[in-house]
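The following exercises ask the reader to work from a structure to its description. Please examine the sequence and the coordinates before turning to the solutions.

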Amino acid sequence: MDKKAGNWEPKILAFLCSWCSYAGADLAGVSRLQYPTNIRIIKVPCSGRINPVFIVKALQVGWDGVLVSGCHPGDCHYLSGNYYARRRFTILNRLLEYAGIEQGRVHFAWISAGEGKKFAKTVGEVTEVIEKLGPATRLVKAELGNGKKK
Amino acid sequence: MKNPYLPIPVRLNKVTLENEAKDLKTFDLAFVNPQDAKAFKFVAGQFAMISINGIGEAPFGIASSPMNGGVLQFTVKRYPRGVLTTALHNLSVSQVLGLRGPFGNGYPVKELESKNILVVGGGFALTTLRSLANYVLHKKNRAKFGKLTMFVAARNPGEMLYKEDLEEWSKRGDIEVIQTIDNPVEGWKGKVGYAAPVLKELAPCPENTYAVVCGPAIMIKTCLFVLFELGFPPERIVTSMEMKMKCGIGKCGRCNIGSKYVCMDGPVFTHKQLQELSGEY
Amino acid sequence: MMDLQTKLREEAKRLLEEKKVDVVIGYEDGSMALRTTPCFVKDPRDVERLVWNALCENNLAKYLIGRTNKAAVIAKGCDVRSIVVLINEKQLEKENIIIIGMPCAGIIDRKKIYAYLGGADVKQANIENGIINVKGDGFEEKLNVHDFLHDSCLACRYRNPVFCDILVGEEIPEVEPKDEYGKIDQLEEKSSKERWQYFSKELSKCVRCYACRQACPLCYCKTCFVDQSFPTWFGKSTDISDTFSFHLVRALHMTGRCVDCGACVRACPNNIDLRMLTKKIEKDIKELFDSEAGLSIGENTPLASFSEDDPQDFIG
Amino acid sequence: MKIHLWLLFLKMTLKILLGELMKTIKKDKIAKLLDFLADKYELFAPTSKDGLVVSFERIEEGKQAKLRFYNSNEAPKKLFFPQSETLFSYSKGGRETVPEPKTEQQRIIFGLKPCDTKSLSLLDKVFDTTDFKDPYYTQKRGNTIIFTLACNRPQSSCFCTALGLGPFLKEGADVFVVDLDDKYLFEPITQTGEDLLKEIPGLEEAAEKDISYAKELAGGAEAKITTKIQLDSLKEKLDEIFNESVWDEIHQKCLGCGVCTYLCPTCHCFDIVDEQVNDKGKRIRIWDSCMYPAFTLEASGHNPKPTGKERMRQRIMHKFNYFVETYDEIACVGCGRCLRNCPACMDITKVIEQINNLK
């Protein structure tokens, strides 16, 4: 995707918990809800599975944004996975912003299996925010060959 | 000036599954450019770095005979943590990859001339030994060497490498092939037992003979003991070493055993040389 | 300080003579001025090697991990906290170690002295009564130790060991650090872009020697994420995006565990202020989860626990 | 041919003896001299951003150089053997392309210390071999003229004299420069250096007293270095004690970081890795360290140097035994960087002393 050209479209990576949010995405699909096609989904067993390194790595290899989603608090299939995840995300979210990653590159949302509408709406909003931010540059590994070397 | 870090393009011609565990495959690599094929001269026992762009490189002993021009064979075990071996095992035929080499010293073939050769090989360490055997057996070379004995050990018949070669060799009169497996299996015609005791029982004559030994560490250790007992002097026991390598040309500094680099001074050492080195391998 | 040093030697001697431990891990004079070096005393006759002064900067907890014999370790307030974390994380067994706790009023940052002297080569240094006398070719200066403490010491709230088997000397009064998060607060005030530039510049000094990781007592992973090859998370070169990512993730791994001993900063050959990352997380952890690392044995780290009403205003 | 060389040698020696080739320049004109060099060459010199940490960098103007310095924090080996260097790049399905040398322009490094100058001749032994010449290193090496700056003020951590080298060692220099307080003395060492000095405008003939003052400074500098290392039979000693338990003691305070090896001017070990983003990739070589567990870790999980003990032994043996065995020289120049920067204040000279003192 040519980032300089005017026809730039954001690339967004989503980590979805397989029990709730992925099912929510599925529901959005079967309900024929419209949402932007900028999103690529990685299904994970639980939001607790999402290692912060996944998100840092996603930003490093050039995804313009990341969406992380799991079951609502109290609804975790494994009872408490999302509670632990929530603390981790809190710290990660603050640290990324503090380190100078623009606010709005990384999004978090609780989406249940029944919330197809919420899924579609969230993807729409996230895409809009990231479109406004423009292509990711910070933390992105430079094009090889003309590397931002020391 | 030739750039020793630049891989030579080779094409994967054929993949042969070697064992029942399916983690050993032999890769036939053919040079893409004829001039590279011509320039690539090697001695049995030398190795090359196999290179896959985006993955990296790793050293492997050349398993085919130097007398087979144009195509090189490598037998590679896939390790779950081995990045390159896994990628190599996933390649499909006709893909182009890279090769750097040949590196290392190779077996002392000049010294072996007019001598009897006892090859002791275990597991998948048979690779460069096979190269040596086929080199010796080549019609242009056979007369230069004395008696050739191949003693091959494997855990079970399914793990025995190079079945075609073994069959062909056993048909010939100018090579003796002895195979052994750890535990008896129905229909097995060879010997049964660990390499060392079987070797002891065979009691090969050390006179005018070089023993070329390669295999898992424990097998080398026990077989060396038997060979000493039989009267093989350490300077006539030859073995090939392995070590993690990056450059293959004596610069990156990691494959040393004492002051010797396995990539440059080895991989082939006599047991006498190894006795004088640090033992850190 | 001399007084404490004598007491410390006596304690060490007693422990070794009574065969309570196989080794006492402490400090001895380094071969350079302004330095001490870790030392391992096994023979009671060698306790005279042990020193205690404001140059004892290493966090010796690092040397306890994976130890198979019984050891006594000399530990300052921050070092003890890291030992507590190690015990809580099941990396150490309390029964196998004896903590010789040292009340500590702060450790000298020799790089601040070098800077003050304009980079001059200090050939001799000795400390007496809070004054450090430094000598070199053509200069001699008497400096107040308190003016040259490590940043981490200036932010210290736990100068006395929170827990120890033997306390050498008397506890000293705790002091409320001045402007503990000053530099972090200032940075937070800046724009996202300025923060990005600040860290990019700071982290571009990194040569990937991993001294920060190796010096950190809480970096004990058998294989660090950055050394994993399958998958490879980040590149190994000094490309800024790789070094930045490494330091971000390392800091995240320190969440709720870092005791701000400053070992990473001291180890860095290029003076990268890594505390700007770890201290920020420490600040957030305190604010959000009311938690501080390494204060009591048996406590859970904040990321290994949760509360149903944890903040979540950032989650849609 | 041989006679010709001999004559040349004789001529050079005579000229040097007579001081005819020695030049001086007033200190206030040195920036101009560097400007002149920067104009014609790619010029590298010691610089400092904060006034404390010195590093050799490309400079455009003479005034950027900081010539009164102890030594750079990082060894200038990076100018020949960078921490990361692209061996070749490729794109999916395409062939490998080797990067062109950045410039054909000749480079000058001004102000290299004698220890670091010497370290290059040790690196040459590894990279500039007859069998496999390293093209990346040798290209830069062949393309660079070296102005070595005598070390008037060795630090307390320096120990070059203990290795038979010295703060006024001229080996490896093209031009040897001495700081004479109010001016610099230039002594051409190679033909290249001599020719270059002829080009530089504004140089004055050195006076007798300049040369004798330089000698005086040399004596003073050497006297400042007091560390001694017993080198006789050290190699044999190391052979003997390879399996001794002393290594358990030596390594125990080592944290296993790479500071010593990364800052060392003679450490040359490297790793080769591939980096790929989408369809474009490159194979790079990066510094590696024998102090890291992954250095010798094999895919099978086997590691011939599994603990800190073996790794510390490897570092010491490589420098003081293996390198001597292979290249007949010790791979240490006594710059003291490892000592100054070790987070655990480990002192390599003390390690050698400990080894020498073993019964």
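Two exercises with worked solutions follow.

The model is predicted: local features need pLDDT of at least 70, side-chain atom pairs count only at pLDDT 80 or more, and totals for chains, interfaces and linings use all residues. Residues are numbered from 1 along each chain as its sequence is written, while chains are lettered from A and ligands numbered from 1 in the order in which they are written.

**Exercise 1.** Describe the span and the surroundings of helix 2 of chain C.

Solution. Helices (H or I, at least four residues) and strands (E, at least two) are DSSP runs, numbered from the N terminus.
- Step 1: Helix 2 of chain C comprises 12 residues, 77–88, and reaches 17 Å from first to last C-alpha; this is close to the 16 Å expected at 1.5 Å a residue, taken as 1.5 Å times one less than the number of residues.
- Step 2: Because 10 of its 12 residues are buried, helix 2 of chain C is largely enclosed by the rest of the structure; buried means 20 or more other C-beta atoms within 10 Å of the residue's own, with C-beta atoms placed from the backbone.
- Step 3: The buried residues pack against strand 3 (71–75) and strand 4 (97–101) of chain C.
- Step 4: Just after the helix, Lys90(C) takes a positive phi of about 65 degrees.

**Exercise 2.** Characterise the contact between chain A and chain C.

Solution. Residues are in contact if their C-beta atoms, placed from the backbone, lie within 7 Å.
- Step 1: Chain A brings 37 residues into contact with 35 residues of chain C.
- Step 2: On the side of chain A that touches chain C, helix 3 of chain A gives the most, with 12 residues.

Definitions and conventions: Contact = placed C-beta atoms within 7 Å.
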